[in-house]
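Visitor: I am new to this structure. Please show me how to read it, feature by feature.

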Amino acid sequence: MNCNIIKDLLPSYIDEICSEDTAKLVEDHVQHCDECRLSINRMQEQMAYVQQIPEEVEKAITPFKKVKRKRLIQVIIAIVMTFIITVVGALVIQEVGPVNRIFFPVVTSVVDAADDLEEWQSMKFNDKNYLIFDSVFWKKEIINSSINERDILLRVKDEKGNVVVDEIRVSPGKSVKLENLKKNKKYFFEIKVKEGSFFINAV
């Protein structure tokens with residue numbers, strides 16, 4: 001039998017998909033042909049090596065699978081812990097008065113004017129005639145929270161009586177930012193309003 005024909009048959013013989021007659025023909029030939037016997041041995045070794053590759057790959061990636069799984073668990077734990085800390089922190093800020101006042105400071109002044117105030121009148125915030133922005137969380141904003149649809153006029157003085165913010169108008173539901181006021185200094189607020197009740201918040 002011609003060696004070229006046998007070599008064409010070798011792949012189907014090695015894969016065991018040829019007929020019994022073809023297999024017998026190949027086996028008879030390789031018993032007497034060193035070259036074809038060498039070819040068949042090389043092909044069988046290659047097949048054995050290819051079959052081993054998936055097992056070797058699996059062994060190689062197994063440690064990485066463990067690392068990936070461990071990392072995934074760490075990420076999940078971190079997300080859960082962050083969520084718990086955020087929720088607990090929000091509840092503490094909302095429910096604990098002193099903590100709330102630190103992070104969301106606000107004071108209110110109530111002005112009841114029986115007549116139109118033509119002169120500047122002193123304001124009190126939470127029963128104090130001055131205001132100190134003693135936290136980094138102060139926005140330094142004044143909000144006209146009144147419901148009587150009237151503007152208010154404000155001015156601010158320092159401890160020496162110098163006017164540091166002169167005559168600002170605040171419409172109902174609006175706010176003004178007093179950015180030039182400094183932290184931990186006493187400021188005295190004065191107001192001019194028309195007759196009525198006014199609620200002014202400092203935040």
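Guide: Start with the terms. Helices and strands here are DSSP runs, numbered from the N terminus. Keep in mind that this is a predicted model. From the N terminus on, its elements run α-α-α-α-β-β-β-β-β-β-β-β-β.

Visitor: How many helices and how many strands does the protein chain have?

Guide: The protein chain has four helices and nine strands. As for burial, 26% of its 203 residues count as buried.

Visitor: Is Ile-85 buried or exposed?

Guide: Use the cut-off: exposed means over 50% relative accessible area. Ile-85 has 57% relative accessibility, so it counts as exposed.

Visitor: Now charges. How do I read a salt bridge?

Guide: Here is the general idea. Side chains of opposite charge can pair when their charged atoms come close. A search of the whole structure finds six salt bridges.

Visitor: What lies between Asp-28 and Lys-24?

Guide: A salt bridge, with the closest N and O atoms 3.2 Å apart. Both residues lie in helix H2, residues 20-32. They are four residues apart, about one turn of the helix. Asp-28 is partly exposed, at a relative accessible area of 34%.

Visitor: Which residue forms a salt bridge with Asp-34?

Guide: Arg-37 does, and the closest N and O atoms are 2.2 Å apart. Asp-34 counts as exposed at 54% relative accessibility. Arg-37 counts as partly exposed at 30%.

Visitor: Let us move to the strands. How do I read a sheet?

Guide: Think of faces. In a regular strand the side chains alternate between the two faces of the sheet. Then ask which strands are joined by bridges.

Visitor: In which sense do E3 and E8 pair?

Guide: They pair in the antiparallel sense, over two bridges. E3 spans residues 131-132. Its Leu-131 stands opposite Tyr-187 in E8.

Visitor: How many bridges join E5 to E8?

Guide: Five, and the two strands run antiparallel. E5 spans residues 152-157. Leu-153 stands opposite Lys-192 in E8.

Visitor: What do E5 and E6 form?

Guide: A hairpin, with five residues between the strands. Gly-161 in the turn has a positive phi of about 90°. E5 and E6, residues 163-170, pair in the antiparallel sense over five bridges. Ile-152 has Val-170 in E6 as its bridge partner.

Visitor: Where do Lys-157 and Glu-190 lie in the chain?

Guide: Their side chains meet in a salt bridge, 3.5 Å from N to O. Lys-157 is in strand E5 and Glu-190 in strand E8, so the pair links distant parts of the chain, 33 residues apart. Buried means under 20% relative accessible area. Lys-157, at 19%, counts as buried. Glu-190, at 11%, also counts as buried. Salt bridges that share partners join Arg-155, Lys-157 and Glu-190 into one network.

Visitor: Last, the rings. How do I read an aromatic pair?

Guide: Two values do the work. A pair of aromatic rings is described by the distance of the centres and the angle of the planes. The structure holds four aromatic pairs. In one of them, Phe-133 and Tyr-187 are tilted, 6.4 Å centre to centre with 45° between the planes.

Visitor: Which parts does this pair tie together?

Guide: Phe-133 lies in the loop between E3 and strand E4 (141-144), and Tyr-187 lies in strand E8, so the pair ties together parts 54 residues apart in sequence. Phe-133 and Tyr-187 are both buried. Ring pairs also link Phe-133, Trp-138 and Tyr-187 into a cluster.

Visitor: Which residue lies over the face of Tyr-130?

Guide: Lys-186 does, at 4.4 Å from the ring centre.

Notes. Residues are numbered from 1 along each chain as its sequence is written. This is a predicted model: local features need pLDDT of at least 70, side-chain atom pairs count only at pLDDT 80 or more; totals for chains, interfaces and linings use all residues. Side-chain values use heavy atoms; hydrogens and water are left out. Buried means under 20% relative accessible area, exposed over 50%, partly exposed in between (1.4 Å probe, protein chains only). Two strands pair if DSSP finds at least two bridges between them. Rings of Phe, Tyr and Trp (its six-membered ring) pair if their centres lie within 6.5 Å; planes under 30 degrees apart count as stacked, over 60 as edge-to-face and the rest as tilted. A charge sits over a ring if NZ of Lys or CZ of Arg is within 6 Å of the ring centre and within 35 degrees of the ring normal. A salt bridge is a side-chain nitrogen of Lys or Arg within 4 Å of a carboxyl oxygen of Asp or Glu.
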